[in-house]
Amino acid sequence: MIEDDMKISPDFFQFFEQTAPLLDIDPTIWCISSWNDYGYEWLVADQPTKLFRTTYFPGLGWMLKKSLWEELTVKFPNDHWDHWMRVPSIHKGRECVCPYQARNYNIGEKGANINANTYKKYLQGIKATQQEDIALGDLSYLIQKNWIALLKDKISRAEVTKFPITSATPGDASTPLVVPYVREEFLTTIQKELKIIPTQRAHTN
C-alpha cells in the first residue's frame, strides 16, 4: 500500500521483493515498510542496506500478507488508520521492518494529519535513496531472536551519556549511545533538540 502523495525510489519494488520472505519466516513481523520517520539525511546518509525493526507503524508505503489484511479489514477505520495501527491491542507486539534510508518520499505538504509547517519541520529533511539495484544481503539479523541478540550486544557496548549528548568518543559512529530519561517531557526535549518526529515511548525503535 502506498499513499497518493508519494514518489518512489528506483529500487522501491526490488526492496519489497528482497524483504517479502521475512513475512513468511517470522510471524512477529507484521509488515515491511519503505518509510523511516527518522530517515533524515544527516542521520542515515550512505546506509542504504541497513534495516531495523519497530513497533511504531510507519505507514506511507508498506507491505503485508493477505492473512493480516483479512484480520484487519473487518475493523479497519475510515480515517486516522495509521494511528490505529499503532494501538497495542491492534499490533499485539508485532513489528514492522523499515529501512534506514526511505524508499519513498512525501511530496504533499497538506493532508489529514499534516500542514505545511509540519511538513517542512519533520518531513522535508527525509531523503529517499536514489540508488538502483541495491542488494540488501543476508536479512537473517532481522529475525526476532537474532534481532534481540543484536540489541543486547549493542546495549552491552553502549556508552551512557547525558543530554545534550557529549560522547567520550566523538566521531566514533560505531559506539552506541544510551541517553537515559525518566519523565515523558525529557523524551520530548530530546526529540525536539534532534529535530526528529516525536513518538511515544510506548514504542520501540
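Start by selecting Asp-11 and Arg-103: their side chains form a salt bridge, with the closest N and O atoms 3.1 Å apart. A salt bridge here is a side-chain nitrogen of Lys or Arg within 4 Å of a carboxyl oxygen of Asp or Glu. You are looking at a predicted model, where local features need pLDDT of at least 70, side-chain atom pairs count only at pLDDT 80 or more, and totals for chains, interfaces and linings use all residues. Residues are numbered from 1 along each chain as its sequence is written, and side-chain values use heavy atoms, with hydrogens and water left out.

Now colour by secondary structure; helices (H or I, at least four residues) and strands (E, at least two) are DSSP runs, numbered from the N terminus. Asp-11 sits in the loop between β1 and α1 (12-19), and Arg-103 in the loop between β5 and β6 (104-106), so their contact ties together parts that are 92 residues apart in sequence. Are these two residues buried or exposed? Asp-11 is buried, at a relative accessible area of 0%, and Arg-103 is buried too, with 0%. Buried means under 20% relative accessible area, exposed over 50%, and partly exposed in between (1.4 Å probe, protein chains only).

For another one, select Arg-53 and Asp-26, whose closest N and O atoms are 3.0 Å apart. This pair links distant parts of the chain: Arg-53 belongs to strand β3, while Asp-26 lies in the loop between α2 (21-25) and β2, 27 residues apart. Both Arg-53 and Asp-26 are buried.

Next, go to Glu-71 and Lys-92, which meet in a salt bridge at 3.8 Å, N to O. Here Glu-71 is in helix α4 (residues 66-73) and Lys-92 in the loop between α6 (88-91) and β5, 21 residues apart. Glu-71 is partly exposed, with a relative accessible area of 26%, whereas Lys-92 is exposed at 53%.

**The sheet**

Show the strands as a cartoon and look for an open sheet of four strands, in the order β3-β5-β2-β4, with mixed pairing. β3 and β4 (62-63) stand at the edges, each with a single partner strand, so one side of each is left without a neighbour in the sheet. Two strands pair if DSSP finds at least two bridges between them. Walking across the sheet, you find these pairings:

- β3 (residues 51-54) and β5 run antiparallel, joined by four bridges; Phe-52 has Cys-98 as its bridge partner in β5.
- β5 and β2 pair in the parallel sense over three bridges, and Ile-29 stands opposite Glu-95 in β5.
- β2 and β4 pair in the antiparallel sense over two bridges; the bridge partner of Ile-32 in β4 is Met-63.

**The cysteines**

Which cysteine is joined to Cys-31 by a disulfide? Select Cys-96: the two sulfur atoms are 1.9 Å apart, and a disulfide is a pair of cysteine sulfur atoms within 2.5 Å. The link of Cys-31 and Cys-96 is right-handed, with 110° about the S-S bond. Because Cys-31 lies in strand β2 (residues 29-33) and Cys-96 in strand β5 (residues 95-99), the pair ties together parts that are 65 residues apart in sequence. Both Cys-31 and Cys-96 are buried. Cys-98 is in no disulfide, and the nearest cysteine sulfur, that of Cys-96, is 5.7 Å away. Cys-98 is buried as well, with a relative accessible area of 1%.

**Aromatic rings**

The structure holds twelve aromatic pairs. Rings of Phe, Tyr and Trp (its six-membered ring) pair if their centres lie within 6.5 Å; planes under 30 degrees apart count as stacked, over 60 as edge-to-face and the rest as tilted. Select Phe-12 and Phe-13 to see an edge-to-face pair, 5.1 Å centre to centre with 90° between the planes. Phe-12 is buried at 6% relative accessibility, but Phe-13 is exposed at 62%. To finish, select Phe-57, Trp-62, Trp-69, Phe-76, Trp-81 and Trp-84, a cluster linked by ring pairs.
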